[in-house]
Amino acid sequence: MDINSLRGLGVALITPFDKTGEVDYGSLERLVENQIQNGVNYLLALGTTSESPTLSPKEKHDVVRCIVSTAAGRVPVIMGCGGPSTSDVINQLEHADLTGISAILSVTPYYNRPSQEGLIEHYKEIAYHSPLPIILYNVWKRTGCNIEADTTLFLANECPNIVGIKEASGNINQIMKIVKHKPEGFLVLSGDDAITLPLLAIGVDGLISVVANAFPYEVSQMVNLGLNNRFAEAREYHQQLLDITQACFKEGNPAGIKVVLALQNKIEHYLRLPLTRVSEQHQHYIKQLLTIN
């Protein structure tokens, strides 16, 4: 795989559900097609935004197959595969159908709160067993566990199969250190829509976005203009998207982005417990923002 194919904009796809609670594969196909037609560089299946912890093993398989089939090789597809048990993650990789998947995004082990040494050993084992390149996923607010910059840099230098990191720590100093000292070809990807423009200015390689589910063209323009040092033009898209971006996360993800997608008539407005809809007041606020924009 050419690692440069994962520069630019990747989209962490939501999982649409119908009123019976089943996965709405028709809406998922249309969502994938809309992303590709609006210029995204690649797609992420089974990320946090997909509500993957609520999906059965069969549903996970079917969701990935739907995304890969619809993309039909036009853009790369990466797949989320992580968890609190190293051996379980390896087992998932050994038994998953990875046909059409370009790389694995693997979140830090949650709940256990391992040490940095534990994280190193965890990712070394996964990288050794994985048939595909690994992208680290650092999102400590969800997992309770931060991958420190020195740990990321150690793994980047010691494990050839670890090719990048999705950095959603929100710690710009940490991200700057990684960008400055990373080996050539190691990808640093923003995991925070709202601060992606300043991160592009310090040298990150792109964004894995939530907001692009609803605004693929605008987010793609912002990211790719930034990558080409056209920051005045990129800033216009950043400002256009800022209020709706912040609104999407105010009462949780993917609850916020699903409100937007439902208002755009792209999906039905359903989540799976324990996730619930955002408040009526916040839904009204999001609707007002969409009217303004």
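Figure 1. Helices (H or I, at least four residues) and strands (E, at least two) are DSSP runs, numbered from the N terminus. The C-alpha atom of Gln 240 is separated by 8.6 Å from that of Glu 218, and the two residues are 22 residues apart along the chain. The model is predicted: local features need pLDDT of at least 70, side-chain atom pairs count only at pLDDT 80 or more, and totals for chains, interfaces and linings use all residues. Residues are numbered from 1 along each chain as its sequence is written, and side-chain values use heavy atoms, with hydrogens and water left out.

**Figure 2. Strand S3 and its partners.** In a regular strand the side chains alternate between the two faces of the sheet. In strand S3 (residues 77-80), Val 77 and Met 79 point one way, while Ile 78 and Gly 80 point the other way, and all are buried. Strand S2 (residues 42-45) runs parallel to S3 and is joined to it by three bridges; two strands pair if DSSP finds at least two bridges between them. Leu 43 stands opposite Val 77 of S3. From S2 the chain crosses through helix H2 (residues 57-71) to S3, and this β-α-β crossover is right-handed. A crossover is given this name if, with the strands pointing away from the viewer, the path from the first strand over the helix to the second runs clockwise. S3 also pairs in the parallel sense with strand S4 (residues 103-107), over three bridges. The bridge partner of Ile 78 in S4 is Ala 103. S3, helix H3 (residues 86-95) and S4 make a right-handed β-α-β unit.

**Figure 3. The closed barrel.** Eight strands form a closed barrel in the order S1-S2-S3-S4-S5-S6-S7-S8, with parallel pairing. Neighbouring strands of this sheet are turned by 25 degrees against each other on average, direction ignored; the axes are lines fitted to C-alpha atoms, for helices over the stretch in contact, and angles run from 0 to 180 degrees between N-to-C directions. Strand S5 (residues 134-138) and strand S6 (residues 162-167) pair in the parallel sense over five bridges. Tyr 137 stands opposite Lys 166 in S6.

**Figure 4. The largest pocket.** On a 1 Å grid over the protein atoms alone, a pocket is an open set of points with protein on both sides within 12 Å along at least five of seven lines, whereas a cavity is a set of points where a 1.4 Å probe fits but cannot get out; lining residues have an atom within 4 Å of a point. The largest pocket has a volume of about 990 Å³, where volume is the space filled by probe spheres set on grid points joined across faces, edges and corners. Its lining has 39 residues, of which Leu 46, Ser 52, Pro 53, Lys 60 and Gly 82 lie nearest the centre. H2, S3, H3, S4 and helix H5 (140-143) each supply at least two residues of this lining. The lining residues divide into 18 nonpolar, 16 polar and five charged. Ala, Val, Leu, Ile, Met, Phe, Trp, Tyr, Cys and Pro count as nonpolar, Asp, Glu, Lys and Arg as charged, and the others, Gly among them, as polar.

**Figure 5. The largest cavity.** About 60 Å³ of space lies in the largest cavity. Residues lining this cavity include Asp 193, Leu 207, Met 222 and His 238. Helix H9 (216-227) and H10 are the elements that give two or more residues to the lining, and the largest share, four residues, comes from H10.

**Figure 6. Backbone features in the loops.** Most residues other than glycine have a negative phi, and most peptide bonds are trans. Glu 51 has a positive phi, near 60 degrees, and is placed in the loop between S2 and H2. At 2% relative accessibility, Glu 51 counts as buried. Tyr 111 also has a positive phi, about 75 degrees, but at 73% relative accessibility Tyr 111 counts as exposed. The peptide bond from Asn 253 to Pro 254 is cis, with omega near 10 degrees.

Key. Buried means under 20% relative accessible area, exposed over 50%, partly exposed in between (1.4 Å probe, protein chains only).
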